[in-house]
Amino acid sequence: MLLLLACSESTTADIPASEEPDAPEEPDFPDLPTVNVKTVDGEALTFDYVTAPPGCLGQGITNAKKVCGRMTIRQHGKTLYDSGDYEEDKSGMRIKVRGNSSAWEPKKPYKIDLELPVDLLFGDDEQKYRDREWLLVRDWQASPYMLIGTTVNEMLGLQWTPRFRYVNLVLNGEYMGLYALVESVKRSTRSRLNVGRYGYVIELDAYWWNEDVWFETLLTEEPSMKYTFKYPDPEKIKPERIDYIRDYVNRFDDGLFYKNHFAEYIDSTSFAAWLLGQDILGSYDANGTNIFITKYDDTPETKLMMGCLWDFDYIMMTPGRWSESHNLSYFVRLLNNGRDRSFANAYRAKWNEVKDSLYDTIRQRLEAFAASEEGEAYERAMIRDMQRWGWHPTPLKPLIDQAIAWFEERRVWLDKAIEEATQ
């Protein structure tokens, strides 16, 4: 969900930059909000690179230090938000480099932890959306993939669609590029993944080896992947809670892989919508991480549900074939279960529900974005971002036209492929 950022009564007062002490330098393209982060004494964001142990996959980082500082968001010469100088539990923020393989790239993703919760996207209900935890996510080579991905997530009716806003980032006086300021994947009692106190947000994760707490199940078909925790907090989770969710997922695995029954353990509609989203997007990099699953409490009345689509760096990359997620053992078994066709039926039904409107919505949103003032500002920021990181600058309109054409072809291919796959 793309939000237009505007001044709000809940933000710092709108004071012209010339009247503000220590006002950050205005960038060359003021139409997009500029996130300006200054760490205390200019302290650098440090971390260590790490590669997977034998038999595991991936590369990531460890020992990423949270550095204290101050953050402002400015647009059109006005301050929309000011965290103030860092004072624990009172003002300021902390920032660190985040990500796995993406953190190995020159352009890093970041995580921000505010000392006081705020809705940095300034929506209509600040109390609902305020939070301490926010992300600065890079769109791969600065294409509007986040807009496309969240549109698909919203249209498919997954349980939560992350809100975001395109921004420029200046870190300790250095222009870092064009980012999406986005809600993080976490449990929240007001918004995001609103599971109960005794609920769970887990991730089927190829990077489990870089986490302190994880569990494995009967899913021997994916030996490189195990489950990690978004909620409860891995630092605070009790052993009995790990035992409960591991045993529950084990029962699902056993039912799916060995006993040909699974419907009592999962919400088939949400699993079907998540897989369909990956197939619509043509995701190439969506079967090793960012597979978020929830259970709303620890009672038999709730089932496993897929959380949301996430990580759109490698979409529109599987023309004429399924997304990589389609090849995960879970979904191979779910689609091809001869005894229980509930998942296959839910997958086909969700496609039939959205196919006539989804592609028109994608096209309309992309065209509207390209024609808007924000889209024009995005293009200027995108070109400067590409120059900053040594990529060849590309105008926005050809990227939009290519995306629209890709999805038009994708719809034709999927319609036939889904009919054949779900007979």
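Begin by selecting the cysteines in this predicted model, where the number of disulfides, counted as pairs of cysteine sulfur atoms within 2.5 Å, comes to zero. A disulfide is a covalent bond between the sulfur atoms of two cysteines. Now look at C56, which counts as buried because its relative accessibility of 18% is under 20%, and then at C308, which is buried as well, with a relative accessibility of 0%.

Next, select strand β7, residues 110-118, where seven of the nine residues are buried, so that the rest of the structure largely encloses this strand. Which strands pair with β7? One is strand β6, residues 93-97, which pairs with β7 in the antiparallel sense over five bridges, and here you can find V97 opposite Y110 of β7. Another is strand β8, residues 131-137, which runs antiparallel to β7 and is joined to it by five bridges, with I112 standing opposite W134 of β8.

Then turn to the largest nonpolar core, which has 97 residues, and select Y166, I280, Y330 and F343, the residues with the most contacts inside it. Helix α6, residues 342-371, gives the most to this core, contributing eleven residues.

Finally, return to Y330 and show what surrounds it: leaving aside neighbours within four places in sequence, Y330 is in contact with L204, L219, Y227, V249, F252, D253, L256 and F257.

Key:
Residues numbered from 1 in each chain as written. Predicted model: local features only at pLDDT ≥ 70, side-chain atom pairs only at ≥ 80, totals over all residues. Heavy atoms only, no water. Core = buried A, V, L, I, M, F, W, Y, C linked by side-chain atoms within 4.5 Å. Buried < 20%, exposed > 50% of the residue type's maximum accessible area, 1.4 Å probe, protein only. Helix = DSSP H or I, 4+ residues; strand = E, 2+ residues; numbered from the N terminus. Contact = heavy atoms within 4.5 Å. Pairing = 2+ DSSP bridges.
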